[in-house]
Structures are given as structure tokens and as C-alpha cells.
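Have the sequence and the 3D view open as you read.

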Amino acid sequence: MRGQVDQLLEGAIDLHCHGYPEISLDVQMRVEDLEAARLAAQAKMRGFVLKSHMWPTVGRVYQLRHQISDINIWPSITLNVSVGGFSPWAAESALKQGAKVIWMPTWSAKNDLDRGGFSHFMKTSLSSLKMFCVDNGLTIFSETGEIDQRVTEILALARDYEVPVSTGHLSPVEAISLGREAKRIGLRKLIFGHPDSKSVGGQIEHIREFAEMGFFIEFTFLGLLPALQRISPKEVCRRIKEIGANRSILTTDAFFEWAPPPAEMMRMFIATLLSEGIETDEIEAMVKRNPAVLLNI
Ligand SMILES: [Zn+2]
């Protein structure tokens with residue numbers, strides 16, 4: 001039986017999909033990458049970007065593409081200290097191997113450490129991280145308060161390769177400064193990564209300002225999961241209605257053993273928002289048109 005939700009899922013793109021392994025081999029997923037890809041293909045999704053907090057997913061995606069052909073899978077890089085932080089060399093290498101999204105730091109962002117966000121979870125998983133404190137955290141600002149030259153170089157690479165940059169777990173102030181810098185150098189594709197997350201701490205005024213710059217705001221299904229409930233479906237819808245669906249994208253972003261496979265999470269996300277009064281055309285914008293623009297496909 002295929003209903004309205006299945007039709008909306010058909011052709012959808014998940015720009016933020018976690019796979020396995022992630023963080024450590026102990027962090028289990030409901031399904032591994034190939035099975036996640038099969039389920040997405042079965043749902044007739046257009047594709048997903050495989051994200052890891054640790055390493056570029058370029059090699060993994062290269063191999064996956066030999067195993068499944070009826071779904072698009074795109075690799076990405078997250079600029080945590082595990083890849084050298086704000087390293088234009090790491091970013092360019094990943095881009096040369098097909099990376100389609102660059103994430104600013106997540107668990108190694110100073111903001112995340114300051115807020116005891118995802119870095120807190122990471123420290124419970126990696127004992128070597130216990131010594132990694134706020135002072136080691138990455139910020140886009142240099143000591144003089146200017147944007148670090150390496151960050152500008154990375155934005156310029158994203159512009160030249162026409163890939164979007166997500167703000168990761170940078171602070172809302174950093175996200176907005178990054179937006180201004182992106183505009184200055186002509187990078188038009190920037191995503192405010194899940195501002196509702198505790199790791200980010202974005203408020204509605206930051207979201208509004210970022211959207212008004214012509215960039216995109218990410219809403220993740222992770223935030224709606226029963227065990228987290230960091231935002232309510234009603235509030236997600238209120239924010240989408242305020243900034244507009246053409247400035248919004250929907251992604252999954254979950255990596256737990258107890259979370260459904262990514263394609264199913266995307267399906268639940270669409271169904272949840274429909275039941276809260278989001279229109280089908282708005283869903284189409286958030287899961288199909290906007291991600292396609294961001295990926296240049
Ligand atoms: Zn993520």
C-alpha cells in the first residue's frame with residue numbers, strides 16, 4: 001500500500017545520514033550502510049549523504065557504490081580534530097574524492113565543549129578525549145577576533161567545488177559570522193546545522209537572521225526521537241512556517257541501535273510534519289528541491 005507519505009519520500013534526499021561504524025565499533029546502528037542504502041532504494045529515495053563525526057566517508061561510499069546502483073550515495077567530511085580540524089588540505093583531498101558536504105567541527109567545536117553537548121557523549125566513548133577541554137576546542141575566530149584564514153580557504157574550496165558547508169556544532173554567533181564570510185567570498189550554499197540541538201544552542205532570532213541571508217536551516221529527525229524530544233513537532237512546524245520551507249531542509253542525523261533505519265526515519269519525519277499542518281509542496285521543497293540545489297544535481 002503506497003500512500004501520500006510514500007509518494008513524498010520517493011525522490012527524497014537525506015543530506016545528513018549516519019552509518020556504521022560511527023565513533024567506535026561499540027556504537028551500534030539498527031542497520032549497516034549497505035542495508036540502509038537498500039531500504040532507501042526500496043523507498044525510491046533519490047539518495048543520501050553519508051556523514052561521520054570521525055573520518056571522511058569517501059572510501060566507504062566509493063566501495064558502497066560498487067555494491068548498489070539504484071540509489072545515490074554521496075560522501076562528506078567533518079572537520080573535527082580527527083581529520084586535522086580546519087585543514088584545507090583535508091577538505092580539498094575529500095573534495096577531490098567526491099565529498100559533497102563539508103561539516104564544520106562537531107564534537108571538537110569550542111561551542112560544543114562549552115555547552116557540554118555531543119562532546120560530553122564522545123568523552124564517555126573515547127577515553128583519550130577526557131583531556132580534550134574547552135581550550136582545545138575549535139572556533140572559526142582567530143585570536144584577534146577575525147575569521148581564521150584557514151576557514152576562509154575552506155569556504156573558498158566549497159565555493160569552487162560547488163558543495164554546501166554545514167555549520168556543524170559552531171555557536172550561533174559563529175554560524176552568522178560564517179554566513180557573512182560566505183557571502184563576502186561568493187559561497188551561496190550554507191546550512192545552519194540543527195540549531196535546536198543542545199550542542200548548538202540556536203534561538204529563533206539566529207535562525208531568522210541566517211535564513212534572511214538566503215541560506216538554509218536544518219531540522220533533524222534526531223531531535224524528535226522519543227528518547228531525546230529536544231524539540232516538539234509543533235515547534236518544528238512553527239519555525240518552518242516562520243522562515244519558509246524554501247529555506248529549510250529535513251534530515252535524519254541519528255545513529256542509535258534503537259532508532260529506525262534512516263529511510264524509515266525520513267518517512268516518519270514527513271508524516272509527522274504533514275499531520276501538524278505542513279503542506280505537501282512544503283515537504284517537496286524541504287526533502288527534494290532544496291537538497292538538490294545544495295548538491296547541484
Ligand atoms: Zn550528524
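## Overall fold

Helices here are DSSP runs of H or I with at least four residues, strands are runs of E with at least two, and both are numbered from the N terminus. On that count, the protein chain has twelve helices and nine strands. Keep in mind that this is a predicted model.

How does the radius of gyration compare with that of a compact globule? For 297 residues, such a globule would come out near 19 Å, and the protein chain has 18 Å, so the two agree. Along the principal axes, the C-alpha atoms fill a box of roughly 60 × 40 × 35 Å.

## Packing, surface and charge

Of the 297 residues, 59% count as buried. Looking at contacts with a sequence separation of 6 or more, 76% come from residues 24 or more positions apart.

The accessible surface of the protein chain is about 12,500 Å², with 49% of that belonging to carbon and sulfur atoms. As for charge, there are 32 positive and 36 negative ones, and their mean positions sit 2 Å apart.

## A buried loop residue: Thr-106

Thr-106 turns up in the loop between strand E5 (101–103) and helix H5 (110–115). Despite being in a loop, Thr-106 has 0% relative accessibility and so counts as buried.

What does Thr-106 touch, leaving aside neighbours within four places in sequence? Its contacts are Lys-51, His-53, Thr-78, Asn-80, Asp-112, Gly-168 and His-169.

## A helix contact: Ile-176

Ile-176 is part of helix H8 (residues 172–185), and it is buried, with a relative accessible area of 6%. Not counting residues up to four places away in sequence, Ile-176 touches His-206, Glu-209, Phe-210 and Met-213. Take His-206: it is 30 residues from Ile-176 along the chain, and their C-alpha atoms are separated by 7.5 Å.

How values were computed:
Residues are numbered from 1 along each chain as its sequence is written. This is a predicted model: local features need pLDDT of at least 70, side-chain atom pairs count only at pLDDT 80 or more; totals for chains, interfaces and linings use all residues. Side-chain values use heavy atoms; hydrogens and water are left out. The radius of gyration is taken over C-alpha atoms; the globule rule is 2.2 Å times the number of residues to the power 0.38. Buried means under 20% relative accessible area, exposed over 50%, partly exposed in between (1.4 Å probe, protein chains only). Contact means heavy atoms within 4.5 Å. Accessible areas come from the Shrake-Rupley method with a 1.4 Å probe; for residues, only the protein chains shown count as cover. Lys and Arg count as positive and Asp and Glu as negative; His and the chain ends are not counted. The place of a charge is taken as NZ of Lys, CZ of Arg, CG of Asp or CD of Glu.
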